[in-house]
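Me: Could you take me through some of the labels given to this model, and say what each one rests on? I like to see the value next to its cut-off.

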Amino acid sequence: MPAQGNAFTRCRDRLRAHPLAFDALLAAAVLGAMVLGSFVDPHGDGTGPTFGTRAPRPTGVLLMAVGAAALVARRRAPLRALAATGAATVVEFVAGDPPAPVSMSAVVALYTVASRTDRPTTWRVGLATMTVLTAAAMFFGSSPWYAQQNLGVFAWTGMAAAAGDAVRSRRAFVDAIRERAERAERTREEEARRRVAEERLRIARDLHDVVAHHIALVNVQAGVAAHVMDRRPDQAKEALAHVREASRSALDELRATVGLLRQSGDPEAPTEPAPGLAVLDDLLDTFRHAGLPVRLARTDHGTHLPAAVDLAAYRIIQEALTNVRKHAGASATAEVSVLRVGRTIEVTVLDDGDGPAPAPAGTAGGHGLVGMRERAAALGGALTTGPRYGGGFRVQAILPLTTRSGEDRAT
C-alpha cells in the first residue's frame, strides 16, 4: 500500500507540474465517456436503458471530438472552451436524432469557468449556458420537451456551475489562510529582527558608556601617577589606587552588561540593579578623584523614575562628563543639574572648558553624542548639545517620567 500511495503521489505531482498533459488526458477520458454514452439508448426496450442497440453517427463523432479537443484549452481560455463545447452541443441537439452526449464536454467546460472566474461571471455564464442548452434540448430534440434527458441537461449544467463555484471559494479561502499565515510569519520575523537590533544597539551603548568612562579615568589617573611618581610617591600611590578602583568598577559593569546575554534562568546571571541617579554622587566622586571639579544641583528628590529613564539619565551624565574630561582641558570645571519639571526630568551638564568640543556624530571622534541622542529618543525624550556663549559646552536631556509603554509611571 505505501508503494502504491507513493506512485499515486508521484503521478499527481507530475500532472500538476504539466497541466496541459492533465487536460489532454481529461479530454481523452471525456471523449471516451461520450463515445460510450452514444451507444446507450435511454428508452431501451421498455424495461430500461440498453447498450449497443444504437451507434453514433459520423457527425456526432465529429462533434464529440470537437468538444473534447476544446477541453485541452480549458485552463488557458475557459470561456472560449465553454463557447466551443456549447456550440457543438447545440448543433448536436439540432441535427442529431437521437443526439450524442456532446453535452458532457460543455458540463466540464462550465465547471472550469466557474472554478476559475469570479462569482458574478459564474452566475451570468452558468444561467446562460443552462438556458441555451436546456432550451435546445427541449425544442430541437427528438424526445418530448419534458423528457428525463432534457431535465438532465438542466441538472448537470447547474451542478457543474455550483461545484465549480464551491471549488473556487474553497481555493480562495485556503489561499487567504495561507497568505495570512505567511504575513504573520513575516511580521514575527521582522519583529524579532527589530527586537534583536534594538537589543544590540542598547548593549552597544552600554558598553560604549562603560568603557569610555572608566578608560578615560584610568588614563587620567595613570598619567598623574607617571607625572608625580618620582617627586610625590604618596600622590602617585593615591592615583594608582584610583586606577585600580576604576578598573574594578569597569570590570563589574562589563560583567553585568555581558551577563544580560546569558539565557534566562542562568544562576550566574547578574542580579544587581542597573546604575541610576541614586548612585549619582558616587559617579561624580570618580570624576573629582580624576581632577575634574563637579558641582551638583538637583530638585528631583523623592521622585521615583522608571528604570529605563533612571538608567538613561545616569548614562547621559556619565558620557557628558567623560567628554568634558577628555575634551574640555585640564582647567575645566563642570556643573550637573537634575531637575523635575512637570512630567519630565531635565538633566543638564555644563562645562567652562576652553578645549575642543566633542567630535560631531559621524566623524572619527566616536559615538558619544549619538548614543546620548539615541537613549533620549528611545524614551520619547530629546537631547540638545552645543557650545555655550563665552566658552564651554552644554548637554541637556529632557526625559519623560512615563515610558512609552505607559508603565512605571513616576510618582
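Me: Why is glutamate 191 called partly exposed?

Reply: Its relative accessible area is 28%. Buried means under 20%, exposed over 50% and partly exposed in between, with a 1.4 Å probe and protein chains only, so glutamate 191 at 28% is partly exposed. A word on the source: this is a predicted model, where local features need pLDDT of at least 70, side-chain atom pairs count only at pLDDT 80 or more, and totals for chains, interfaces and linings use all residues. Residues are numbered from 1 along each chain as its sequence is written, and side-chain values use heavy atoms, leaving out hydrogens and water.

Me: What makes arginine 194 and glutamate 191 a salt bridge?

Reply: The N to O distance between their side chains is 2.4 Å. The rule asks for a side-chain nitrogen of Lys or Arg within 4 Å of a carboxyl oxygen of Asp or Glu, so this pair qualifies. Both residues lie in helix 7 (residues 148-228), 3 residues apart, about one turn of the helix. Helices (H or I, at least four residues) and strands (E, at least two) are DSSP runs, numbered from the N terminus. Arginine 194 is partly exposed too, at 37%.

Me: How many salt bridges does that rule give?

Reply: The count comes to 10.

Me: Which residues are linked with Asp23 in a network of salt bridges?

Reply: Asp23 is linked with Arg74 and Arg75. For aspartate 23 and arginine 74, the closest N and O atoms are 3.0 Å apart. Aspartate 23 sits in helix 2 (residues 19-38) and arginine 74 in the loop between helix 3 (58-71) and helix 4 (78-95), 51 residues apart. Arginine 75 also meets aspartate 23 at 3.0 Å, N to O. Arginine 75 lies in the loop between helix 3 and helix 4, so this pair ties together parts that are 52 residues apart in sequence.

Me: Which residues touch the most other members of the largest nonpolar core?

Reply: Ile317, Leu321 and Val336 do, in a core of 35 residues. Such a core is a set of buried Ala, Val, Leu, Ile, Met, Phe, Trp, Tyr and Cys residues joined through side-chain atoms within 4.5 Å. Its largest share, 9 residues, comes from helix 10. Leaving aside neighbours within four places in sequence, isoleucine 317 is in contact (heavy atoms within 4.5 Å) with Leu277, Leu280, Leu283, Val336, Val338, Val347 and Val349. Another core, of 18 residues, lies apart from the largest one and includes Leu71, Val102, Val125 and Ala160.

Me: What is buried in helix 11?

Reply: In helix 11 (residues 368-378), Gly368, Leu369, Gly371, Met372, Arg375 and Ala376 are buried. Seen down the helix axis, they fall within an arc of 165°, so they line one face of helix 11. That arc is taken from the directions from the helix axis to the C-beta atoms.

Me: How many bridges join strand 6 to strand 7?

Reply: There are 6, between strand 6 (residues 382-387) and strand 7 (residues 393-400), which run antiparallel. Two strands pair if DSSP finds at least two bridges between them, so these two pair. Leucine 383 stands opposite alanine 397 in strand 7.
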